[in-house]
Structure formats: C-alpha cells, structure tokens
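Could you walk me through how to read the features of a protein chain, one at a time? I would like the general idea first and then the case at hand.

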Amino acid sequence: MFYLLVEVFNWSGIRKIHRTSTEELQNNINEIEKNYQLESYQEEDFIIFRTAKKDDEPRRIANISAEIYQLLVNYQTELYGFNMMLTDQNDADLKLLLPELKIYFHAFEQENKIFVHKSNYPVFQREFNSEPHGDYYTLTIKKRFSFKDITFKQDKWIKREYYRGILDFIELKDSPEKARLLVLQGPKGSGKTHHAELACKEVLGEEFLYYTPRLFIRFKKQSVIHPFLNSLSFEFLNKAEKHLRGVEKKLWQSHAPLLKYLLFEEMEFCIDHLQEDFYLSYIQYLSALAQFLSENLLPLVLICEDFDSYHPEARDMLKKLVHDFSKHPQFYCLIITQEGLSSDWDEIQHKTLDFCPLEINDFSSIIQTIYPKLQLPEKILKKIISASKKSWQNFKHWLYYFEINENIVGEKKEYTWQGQVKDLPSNGYMLRSLIKSLPRLSIELLYIIHLSGGMLPAEKIINFAEKYLDNREAISQALVRIGNYGFVRQYQYFISLATGLLSFLEEHLGPKSETLKNQFIEEIEHLVSRKEIKRYVLLFSFFLHKHKINMGLKLYFFLLKQKLDENDNPGVQPFLLARNISHQREFDSIQKMQLEMIMGYGSIRSEIQTKNYKALEKLINQYEPLLKETEGNLYKAFFQHLLGRAYLYLDQQDRAIHFIKQGKLNFQEYAGENEEALSHTELGLVMLSQGKISSALNYFSLGEDLLNKIEDVYDQVRILLVSALSYFTQGNISKAISNSLQAADISRKKARRKTQAIAYFLLARINFELGEYTEMNNFLILGLQLCTLYKDINYKNNFLAWMGRYYSYTSQYQCALSLLRSLPKDPDSLFFIAEIFLFNNSLHKAYETAKSIVISENTSLTLNLLYWKEGLEDLEAHALHEDSRSRTISRYIESFTAYLGCLIEPSETLIDSLHRHTRNKKMEDQDPLCHIPYFLYYQIINRGNNIKSEDPVTLLNLALKQLQERASKIDMPKDRIRFVLKNHWNKQIIDEAKIKYLL
C-alpha cells in the first residue's frame, strides 16, 4: 500500500501568522481528501494520506501528490517551506506509521520537493521526471497536456460561392431588416457543415470558434429534448455563467437603478437555469453567450445540424428560439438540411443557400488540399467518387485508405499515385481497414470517445485515458492521429464520427472493450458522486443506454427535483411523458414501480407550483395507492413528504402531518440529514399554517441546526427564508434580519437569483419596520436590479410599490405618487397612495382611495409579509397565508380606512369599526402591526369623538403595551431601539406616551 507524507515547516506557527491563507489552504487540502476519498492523519507539521481504494493505487497517489504539490506551491509566499514523500508500507495504522516516516524526512535538506525511495521509483517513473538524491529520487511533475495543446489537421478545401454566401450572412454589417436565419440546403456530403465551420472561424477567429454552439441529433426522432443534448455537453454553460456575472456587474455600475428599470431593455436570461441542459437552459445560455460575444463585437452563430432528423416538437422549440432571438442584433442561426424548411417557417425571415452535389472538379480540389500535386488517374478518381457516394468526408477517408495501402506516396509538398486498383471494397471495409492501421492506443481512445458520446469535456476524457491507458503525451499523439483521419471532431469536447462502427471497435479490442466500458461507467458514477458533472439529462440518458437502470432512475429523480426546485415547470414537462423514457422494456417490476412513483412526484409537485388544485386532487387519488405496493426506499420517502405538502395545500392538515412524519421515518432509514432537515421544515410550515409560531420555530431551528450539512442550495435557502418569516411574525426582527442576510448571501454566491430577490424584499420589508428607510431602499434597489436583468423574476411591481412607499415616508410625495400611479391598482399600491394623501393632508383623497381597496380571498398583499404569495411560489405561499379568522391585513386596512373617515367626519359606524379591530386578542401574538389599530383609535377618541365612552389614555396605554411587547422580542438592543424610535408610527406612539406621562 502506498502513502503520501507531507511536511509543512512550522505549520502550527504559520497558522497564527497567516490565518486566512492557511485556512484557505487547509480547506483546499480537505477538498482534495474528500474528492479522492483519502484516509488521513495529521500531527503538528505532518499530514499522512492513504487511499481508501486499492485499485490502481500508485497512479492515484501520483495524481494526489501532483495536486497537493501544486497547491502548496501556490501558497509558498506564506509558507516557510515543505517536503513530500511517496512510500510503500504494510497496511499499518496511520498514527503508528508516522514516527517511522519522520525518521526518513530528517535526511532531506532540500525544500519544496517530492521524494521517493529508489526501490519505489519505477512505479512513479511514468508520472514524474526525476533526479538522484542518495537513496532517493527528487521528483518533478511532468508537463500535463491539455486538450488545448492538441490540434488536428485543418481541412482547407473550400467552394468560394458557399463560403462567401455564409460570410455575407453573418458579417457584422447590420440592419433591422436583416434575416437572422440562413438555411444551408443540399444533399448529404456536399460540405454544408464544413463551410459553416470555416465561415465561423473566419468571423470569430480561432479563439472564439469554441464559442459556436451547435445542435445535432444523436438519438434521431426518439424524443423532443435530444437535439439539445450534445450542444450543451461541453463547458459553455460555465463560461456563460462567468460572463453573465460580468455583465451584471457592468450594468449595475453603469445605470442608476430606477432609471435602468425604466429605460433599459429587459433581457431574457436567468442564471438559475444554467446548471441544467435542456430547452429552457438553452435559451438562458444563448442569451448570456450573445451578451458576451456582442461585448467583443462578435456575432452569436447557432449551427443546427441534421435538422431533418429532429423530432417535430424539437423543431417547434427551435422555431420559437430563433423567433425570440431574432431581436438580438448579432444573433444568427444556420440550419443544415437536405429537405429544406416546411411552410410554417415562412413567418421567420430567412435566406436559403443551395448546395449542389459535388462534381469531379470539386473532388480534384479536395485532393490538392490533402496531397499537393497528386494527380489521380481519371478512372480511379471516378471509382472513388462513386464509392464515396459523393460525400466529401467519405472521399477523404478513401484517400487515407489508399495512403495506408501505399497507392498514394510522397512527402508534404508532392505526392504521386502508384499501382492499379480493380475493384473497390465497401465503405465499411475501408473504414475498418483505416481503424486497424491506427496504433492500439488510438483505437482505444476512439472507443472511449464513442462511449462518451460528447458528454464529457475533452479534458476529462484525457484524464480518464491517462488514468487507464497511458501518459498524457502518448494520449495527445494518439488523439492527433484519429483527429487527422477525421474520426473525431474537436471543440471543447470530442465527438466520435465513427458511430456506425461500435460493434467493430468492440470486436477489434476484444475483452479490453468490456473492461474500458465498465471503467468508463464507474468513472462517470464517480464524477456524479463528486458532483463534478451535473448534466442530469445527459447522464440519465447515458445510464439507461448502458443498462444501468437504477442509476438512471436516481438521476431522473434528481433531474425532476432540481428543475422543480427552480420552478422550471415548462422545462420539466417533457420528462413527465412516459414516451420520453427509453429502455422501459428492460425495467423489472420494482424499477417500473419506482419510475411511476418518481413521475407521480414530478406531476404532483408541478401542479402544486402552478396552484392547480383540482388537478392535484386527481393526481393524489391516482398515485397515493402506490405507497401500499412499494417497499421503503428514498423515492417513497420523498413521495410521502410531497403528499404531506399537497394535503396541506388542500387544507387537510392531519393528513399532511401523517405523510410528512411517514416520510421522515423513511428518510432516517434511506437518506441523510439533508432530507431530515426537509421534514423539519415541512412540519414547521404545518405549524405555521395553524398559527402555532413557537412550534413552527422549534421545527425550523432543527432544520437550521443541520444547515451546514445540507448540500442542496434550494433547501438551505428555503429553511432560512421561512424561519426569517416566522421570526418576523413572532417579533424577533434581529433574527429575521440575520437569516434573511444569510439567505441572500447563499443565493448570491450560488447564483440563485429568485431566492436572492426574495431575501432582498424581506430585508427591505424588515428595515421598513425598523424605520431604516435608506437601508430599506438599498435592498429595494438590489431587488429591482435582479428583476431588470432576469425576466422570469416577476416581483418587479412588488419592489416598485415599496419603493413608492419609501419615497412617501421620506417626504418625496410627488415622486412616490408618480411611481405608484404607474403600477396596477392593487391593494398594495392603493394603500400606499392613501398614505401619501394622509401625509399631504389631502384627507378626502386619502379616504376615497382607501375605500376603493377591495380585498378578496385570493388577494396578494405585500403589505403583510405573510400574505406575499409570490415570495417562494411553493408550500410557503399556502403555509404563510393569513388565517381567515384573524384577517390580519383586512383588519389593518379597515382600521386605517375608518381612521381616515373619522378625521374628516366621525360617525358611529366608523368609530365602531375602530372599536371592533382593537378587541381581537387571539390574533395579536401573530400580528406584526397589532399596536397600530389601538393608536389610530386613540387618536380619534383623543380628538373628542368618544361615542363609545372609551378612555383615550387607556387606548394609548394598550398601544404602548403592545409596542413594548413586540420590541421585547427583538434580540439585539440596537434593533430594539431603532424599532421603537425610528419607525414612523412607533415613534408617534412613544412621543404621545411621553406627553401623557405614560413614559
């Protein structure tokens, strides 16, 4: 067994001097340990590592050593020095082994080196360069080739009229009438894709050619979503996310927020969806990429290959995408087709470039680009053209075939033909002969690339090949061979163009093909477990095609859950159709039951999130019987959990609690603490819906305790936000602020823009209660910026309404009125307008406006935080629905309206209304605004309007008492003082109490 020993000189002392840097370094080391599943022991300045997996251990240890060495070098400014040693020992206890290994370290006088004993050196020779050092070798890491170091031979053949036609279409000269769609139409093999690539390279340049997104079919007409898969399998999404964040920063710095909202054209992208790879993600990704390329004065060119094979619904998706993106001034789409477009595409302005079948002169031109000065006998040339079926790619392969058979001979600048050829073999035989002529390593790489199907980025393919086949230099050379033969296409990933030769590759490689396949599947599983690849659509399809049904189902479930977490209901619908799930005939009875339960989970959650309660009841009746037929498993736990949520929406709280608790028991057996935290959250929300705030907070605090162990960002933020809402309702504003800030920070770092916007609104709302109106406005500005940049964050009017209220409470009445009058006349904006008229002493206008407010059962009011249904668009919307018995918001608005009426002309009806709204003790613990109706009533009675013979001082005292009780629940003294003395209404209560000698 091999070990890695690391000594960092005076590690404990440096930690005190460079605390931040050493914490970063330690975290990075911990991450490597986790990724490689290492066992370790640390003592003072030493760390010893051992791999838990014994297979292929020397290479794993070598890779680990290289990573840790590079990490330490990156921090060498802060470090005093380090040394590392690779050694083999018996399978010993790490702690007991350390003293023995320390003895060897004392012999090393050099610093920042990796040492290995000469007896062990041969094991690591392939991975490192070395120099002798007594009984040891000092190792240096060999140059690691990247896919960027690999370049394939470029095809230079060109037909000028086709090339010029595409160039003219995508060059930067622009006009509103310019078509955004070019159809490259012609027979197979006529060079349509080749010329599209050449033109893109000319316009974009070599560096940006990698940013040309493509659509092409792998699964023929099997499913709607498949044409979009391969185009998203490389690392563009990550790059797009990076560029989009850069775009955000620039926009936020260069536009005044309110002006930007009013003037800036909204963009249709949202970073939330960049993690996944199907249609909605594709739209978001293209938007980000278009923005990035336009900053570099470059067009975004979308190449759609094999269009004739697209599923009809996929064609409709593409048509909508092209239509939507045609407004981008630098977006261009190239559709490559043999049959042309149907008439329903006529609505989109487009041009057509016709490609003709290649003629003998074209093939002669192709020959000259590959073999200069080669003249083929006309008879031979015609035979090859016929055998290639006039496809230029096939024609090239025939030329390579004749080269390996020594019919074409010569050097780089001059080639000649020799020998005679009577009859040509089949295309299949020719391709197999070409592959057989390749070195074994090249054939193995071709097989791996075929297995990947374009799913793994090129760098990960190289890493896999290095792990199981050979060193990076040999791999690089082997890749160039198959690339130069045209068997592989290279972008940020490799695509096998030898897809019809799988059975031949397996037969030629023999048992090695099965070994490689199993190793590749295991590698994919490993990358998934480490969350290094999260393309669930591709992975789901991959594992089903490789007959790994259980893994496929697991990824299918996480695919649905992730998209539902992101509220991407339209995007998830294709995956709820049974016809889109392939290989179902191979499922056993348990797997079929699990598939049905997962689809039930997705369907029910989708209806909950679209608030379609009639359909929800029908789905519950359809899927609930599955619980009796299924043994305990993770899917059952999630399904029970979801049924609890569904029943809560249907106001069947006993059933809700029953299923949530059943799900919790299953989570404890089949899942981890993350899922347990979900159960605590759900139970807390049930309590919240019953008005049991203390019980709800007890459950939420259990979820908060597990927060650091929860991996899912959505679940982390959800716990923080619902607990923040509860703390606010209870009155603990300090804790509400703390949780909201934490939720905003996590959302910002993880690019979850919707929850980030929600957290900003909560923070604005809470700061309003504290009387911190400037701080409130700062959070409203941040929220508005998000609503401006991301069209699917539809809280714009909520933020603007409260911004209007900010202007009102800072005496900017005209600005407030202009803004609020531009919004829909909902209860929020009307109430805020009534406040403006009150502050302006326009009492009649204030009263008439307040009387016009209509509150229906479905009214969504941001005035009451608990009624803000857009808040989380999920269970919280129901759980935080105001209790019909307390009518919190109705009570507040009715009191305010009666108060305004009494200021004009008191009446018994209005006074009675004020009286009634200060007599509901049951609701006051749950009402953040409970003290204000008392104060409004006091003000009217104090003016001499005492129809009910109320004592005004008693009413003021009750208002003061309620205010003090609310303030006493605030943790932080600073927040308590702000709440009492800076809030507009609270300050009036305190001032009045002082006048009446109550304070």
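Predicted model: local features only at pLDDT ≥ 70, side-chain atom pairs only at ≥ 80, totals over all residues.

Q: Happy with that. How many helices and strands does the chain have?

A: Helices (H or I, at least four residues) and strands (E, at least two) are DSSP runs, numbered from the N terminus. Here the chain has 46 helices and 16 strands.

Q: What percentage of the chain is buried?

A: Buried means under 20% relative accessible area, exposed over 50%, and partly exposed in between, with a 1.4 Å probe and protein chains only. Of the 999 residues in the chain, 58% are buried.

Q: Could you show me some single residues?

A: Gladly. Phe325 lies in helix 12 (residues 312-325) and counts as buried because its relative accessibility is 3%. Ser701, in helix 31 (residues 693-705), has 27% and therefore counts as partly exposed. Lys159 is a loop residue, placed between strand 7 (136-141) and helix 6 (160-170); its relative accessibility is 14%, so Lys159 counts as buried.

Q: Which residues does Lys159 touch?

A: Contact means heavy atoms within 4.5 Å. Leaving out residues up to four places away in sequence, Lys159 touches His195, Leu358 and Asp362.

Q: How should I read sequence separation against distance in space?

A: Phe325 and Arg180 are 145 residues apart in sequence and 8.5 Å apart in space. Ser701 and His680 are 21 residues apart in sequence and 8.5 Å apart in space. For the whole chain, take the contacts with a separation of 6 or more: residues 24 or more positions apart account for 71% of them.

Q: Now helix length. What span should helix 36 have?

A: The expected span of a helix is 1.5 Å times one less than its number of residues. Helix 36 (residues 796-809) has 14 residues and should therefore span 20 Å, which agrees with its end C-alpha atoms being 20 Å apart.

Q: What follows each of them?

A: After helix 36 comes Ser811, with a positive phi near 65 degrees. After helix 43 comes Gly944, with a positive phi near 100 degrees.

Q: How do I read the angle between two helices?

A: Axes are lines fitted to C-alpha atoms, for helices over the stretch in contact, and angles run from 0 to 180 degrees between N-to-C directions. Angles under 35 degrees count as roughly parallel, over 145 as roughly antiparallel, 65 to 115 as roughly perpendicular and the rest as oblique. The axes of helix 34 (residues 753-770) and helix 36 come within 11 Å and cross at roughly 25 degrees, so helix 34 and helix 36 are roughly parallel. Helix 32 (residues 713-730) and helix 33 (residues 733-749) pack at about 160 degrees with axes 8 Å apart, and are therefore roughly antiparallel.

Q: What is the handedness of each crossing?

A: A crossing is left-handed if the near helix is turned anticlockwise from the far one by less than a right angle, and right-handed if clockwise. Helix 32 and helix 33 cross in a left-handed way. The crossing of helix 34 with helix 36 is left-handed.

Q: Which residues of helix 34 and helix 36 meet?

A: Ala757, Tyr760, Phe761, Arg765 and Phe768 in helix 34 meet Asn798, Phe799, Trp802, Arg805 and Tyr809 in helix 36. By class, this contact has 7 nonpolar, 1 polar and 2 charged residues. Ala, Val, Leu, Ile, Met, Phe, Trp, Tyr, Cys and Pro count as nonpolar, Asp, Glu, Lys and Arg as charged, and the others, Gly among them, as polar.

Key. Residues numbered from 1 in each chain as written. Heavy atoms only, no water.
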